[in-house]
Amino acid sequence: MAMLNTFRSELTKALTLRSIQATLLAAVLVPPLLAFFSGLAFDPTRTASGGFPVESHGFETAGFGQPIIILFAALLVGTEYLDAQVRTTLIATPSRARIFGAKLMITALLSAVVAALSTAVAVLLKHAVLDDHGLDLGQFSTAMAWNLLGVIVNYSLLGLIAASATMIMRNYIAAIVVLVPMVLGLTISLVGAIPLLKFLPDLAGIQLLTAYPGIGLLESIHGALVMMIWALGLGIIGWWLFSTRDVGTS
């Protein structure tokens, strides 16, 4: 019961912050809007036969939601450190385990909801705009449902990684500066020269979003496992630091 109360309190606090409201709205809207305009610009004469599976249309925009998920998770955890609001939180809820657990649960839950909504709408819009070059609703395949699940897993794990990194740094700007360039293409541009980069959290799970064949990335299931390891490892470090730092504030 105490954990449920903490969860409700943290969720209410998060959803009343305008910065988080705006970030979540952007995360939901950006992929569908990109999918819509991508569909309008689609030229079938420039697409090689078999070069881009029709089932992948719409999913390619999921990557553009990743930096927004990082921003959301960093704001959710890090905003309280700006004005020492974390002291008030610790007075109201002395159990640091409940606070940390609630923040991570909210991050994962809202990231999953955003992934499901934004990606489903993006795929539907893209195929609707493609018309004869897309799929009807009845033609959507099981593989596409699994792809949607992959995006949900990716966003949720990425959110947990960003939240834990923010807790470790106690500064959401620092977490954003470190993580956002990675998902914007910094590491994927270097993976050919440095294959070990495929084990970084951004590249490990990138094929959960859509296929990137021929560049030596991990398969989706293996990538999800690597992302889970990153989320678990950073979560443990974040919890340990949160439970031992500034103990005089609780």
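Residues are numbered from 1 along each chain as its sequence is written, and side-chain values use heavy atoms, without hydrogens or water. Because this is a predicted model, local features need pLDDT of at least 70 and side-chain atom pairs count only at pLDDT 80 or more, while totals for chains, interfaces and linings use all residues.

**View 1. How confident is the prediction?** The protein chain averages a pLDDT (the predictor's confidence in each residue, from 0 to 100) of 88, and 94% of the residues score at least 70. Helices here are DSSP runs (H or I, at least four residues), numbered from the N terminus.

**View 2. Helices H3 and H7 meet.** The axes (lines fitted to C-alpha atoms over the stretch in contact, with angles from 0 to 180 degrees between N-to-C directions) of H3 (residues 66-78) and H7 (residues 172-186) come within 9 Å and cross at roughly 165°. So the pair is roughly antiparallel (an angle over 145 degrees). Ile 70, Leu 71 and Ala 74 are among the H3 residues that meet H7, whose side of the contact (heavy atoms within 4.5 Å) includes Ile 176 and Val 180.

**View 3. Thr 119, tucked into H5.** You'll find Thr 119 in helix H5 (residues 96-130). Thr 119 counts as buried because its relative accessibility is 2% (buried means under 20% relative accessible area, with a 1.4 Å probe and protein chains only). Leaving aside neighbours within four places in sequence, Thr 119 is in contact with Phe 59, Ala 62, Val 114, Leu 148 and Val 151.

Key. Helices (H or I, at least four residues) and strands (E, at least two) are DSSP runs, numbered from the N terminus. Angles under 35 degrees count as roughly parallel, over 145 as roughly antiparallel, 65 to 115 as roughly perpendicular and the rest as oblique. Buried means under 20% relative accessible area, exposed over 50%, partly exposed in between (1.4 Å probe, protein chains only).
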